[in-house]
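Here's a quick walk through one model, going from loops to sheet to helix packing. Keep the viewer open while you read.

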Amino acid sequence: MARGGARKVTDTPERRCIATGAVQPKAGLIRFVVGPEGQIVPDLWGKLPGRGIWVSADRAALDLATKRRLFARAAKQAVTVPDDLLDQVESGLLRRVVEGLSLARKAGQAVAGYEKVRAWLEAGQAVALLQANDGSDRGKAKLRPPPGQDAAIDCLAARELGLAFGRESVIHGALASGGLTERVVEDAAKLSGVRREVGGSAPGKG
């Protein structure tokens, strides 16, 4: 319900997670389809044909869906779940985040480097702060993310951030508002959930 008791109106499509049973916006879920040979295939670009099977972008949910054979139940047929399904999802999401950041950089919506990032934050230009999860805690503590959900992105290693900015490594980055930023923030939130150890926090990726 919205403020004052008015009914909240939303155009955000929602789907049910086959592992948790929770209904939530598609932005927080990963779509899978059954491939031509009955194999489960992650559809991270949302373009593959077939009936979608949705799982929360969370490592525990993905583990549960795999171990309890929930993909077959949702598909209502026998399916093959690849042993490396989680790796496929993680590598695919990483590729989307890096590609999205690279496009945002070329469009002037992303910068890297401590001084540039600090300037964007102080000017209120940044809507998201990126910091390498293997960077110095002391150095990262000097920068505070802007307010807002998912405004702090720390699911990438310095080498991975560097790929997006054409450098060997990057510790600090920032994103300005824009369509490309929305894509990066959404994909990064999914990657963070997939990389998160079950019952713990996201592991460092070197």
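## Two loop residues with positive phi

Let's start with Lys-76, which is found in the loop between H2 and helix H3 (85-106). Keep in mind that we're looking at a predicted model here. Lys-76 isn't a glycine, yet its phi is positive, at about 60 degrees. Is Lys-76 buried or exposed? It counts as exposed, because its relative accessibility is 76%, and the cut-off for that label is over 50%.

Arg-69 also has a positive phi, near 55 degrees, and it's a residue other than glycine. Look for Arg-69 in the loop between helix H1 (59-67) and helix H2 (70-75). With 68% relative accessibility, Arg-69 counts as exposed.

## The sheet

Now for the strands. In general, strands of a sheet pair through backbone hydrogen bonds, and the pairing can be parallel or antiparallel. What is the strand order in the open sheet of three strands? Reading across, it goes E4-E3-E5, and the pairing is antiparallel. Strand E4 (40-42) and strand E5 (53-56) sit at the edges with a single partner strand each, so one side of each has no neighbour in the sheet. From one strand to the next, the twist averages 35 degrees.

Zooming in on the antiparallel pair E3 and E4, you'll find three bridges joining them. One to look up is Val-33, whose bridge partner in E4 is Val-41.

Arg-31 has its place in strand E3 (residues 29-34). Is this arginine, Arg-31, buried or exposed? Arg-31 counts as buried, because its relative accessibility is 14% and the cut-off is under 20%.

So what does the side chain of Arg-31 make a polar contact with? One partner is the side chain of Asp-43, at 2.5 Å. A polar atom of the Arg-31 side chain also lies 3.0 Å from the backbone oxygen of Leu-48. Leaving out residues up to four places away in sequence, Arg-31 touches a list of residues that includes Val-41, Pro-42, Gly-50, Arg-51, Ile-53 and Trp-54.

Two packed helices are described by the angle between their axes and the distance between the axes. For H1 and H3, the angle is about 145 degrees and the axes are 10 Å apart. The crossing of H1 and H3 is right-handed. Which residues meet there? On the H1 side they are Arg-59, Leu-62, Asp-63 and Thr-66, and on the H3 side Leu-85, Leu-86 and Glu-90. Sorted by class, this contact has three nonpolar, one polar and three charged residues.

Note on methods: Residues numbered from 1 in each chain as written. Predicted model: local features only at pLDDT ≥ 70, side-chain atom pairs only at ≥ 80, totals over all residues. Heavy atoms only, no water. Helix = DSSP H or I, 4+ residues; strand = E, 2+ residues; numbered from the N terminus. Buried < 20%, exposed > 50% of the residue type's maximum accessible area, 1.4 Å probe, protein only. Polar contact = N/O pair within 3.5 Å; in protein donor to acceptor, adjacent residues only side chain to side chain. Contact = heavy atoms within 4.5 Å. Axes fitted to C-alpha atoms, helices over the stretch in contact; angles between N-to-C directions. Left-handed = near helix turned anticlockwise from the far one by under 90°. Nonpolar A, V, L, I, M, F, W, Y, C, P; charged D, E, K, R; others polar. Pairing = 2+ DSSP bridges.
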